Amino acid sequence: MRLSPLVPPDVHATAFQNAKAMGVSMGKYIAELIRRDQVDENGVPLWAHEVGEPEPAQAELPVNKAETS
């Protein structure tokens, strides 16, 4: 399955450097980060409270009800 997240250039550079240092692909690096992510009893990542509101580009788009009818 394909996962293509859009991240800021500095985040991409850090992930790329980390994957390279480990000797793995970006896909393997990201998959391992997700596998190791710790969650609470509700499945929410333990660090979720540190994240603020989504950036405008990540916010949910409005639904045009005329298009969904």
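Modeller: A helix here is a DSSP run of H or I with at least four residues, and the helices are numbered from the N terminus. With that in mind, the elements of the chain run α-α-α from the N terminus on, and the secondary structure comes to 3 helices and 0 strands. Please note that this is a predicted model.

The chain has 69 residues, of which 4% count as buried. Its accessible surface comes to about 6,700 Å², and 58% of that surface belongs to carbon and sulfur atoms.

Helix H1 covers residues 9–22. Just after H1, Gly 23 takes a positive phi of about 80°.

We now come to the part that you asked about. A search of the whole structure finds 2 salt bridges. In one of them, Glu 32 pairs with Arg 35, and the closest N and O atoms are 3.1 Å apart. Glu 32 also forms a salt bridge with Arg 36, where the closest N and O atoms are 2.8 Å apart. Both distances can be judged against the cut-off, which asks for a side-chain nitrogen of Lys or Arg within 4 Å of a carboxyl oxygen of Asp or Glu.

Glu 32 and Arg 35 both lie in helix H2, 3 residues apart, about one turn of the helix. Glu 32 and Arg 36 also both lie in helix H2, 4 residues apart, again about one turn. An α-helix has 3.6 residues a turn, so residues three or four places apart point the same way. Side chains of opposite charge can pair when their charged atoms come close.

Glu 32 has a relative accessible area of 27%, so Glu 32 counts as partly exposed. Arg 35, at 61%, counts as exposed, and Arg 36 is exposed as well, with a relative accessible area of 63%.

Beyond this helix, Val 39 is placed in the loop between helix H2 (26–36) and helix H3 (65–68). At 45% relative accessibility, Val 39 is partly exposed. Leaving aside residues up to four places away in sequence, Val 39 touches Val 44, Pro 45 and Leu 46.

Conventions. Residues are numbered from 1 along each chain as its sequence is written. This is a predicted model: local features need pLDDT of at least 70, side-chain atom pairs count only at pLDDT 80 or more; totals for chains, interfaces and linings use all residues. Side-chain values use heavy atoms; hydrogens and water are left out. Helices (H or I, at least four residues) and strands (E, at least two) are DSSP runs, numbered from the N terminus. Buried means under 20% relative accessible area, exposed over 50%, partly exposed in between (1.4 Å probe, protein chains only). Contact means heavy atoms within 4.5 Å. The expected span of a helix is 1.5 Å times one less than its number of residues. Accessible areas come from the Shrake-Rupley method with a 1.4 Å probe; for residues, only the protein chains shown count as cover.
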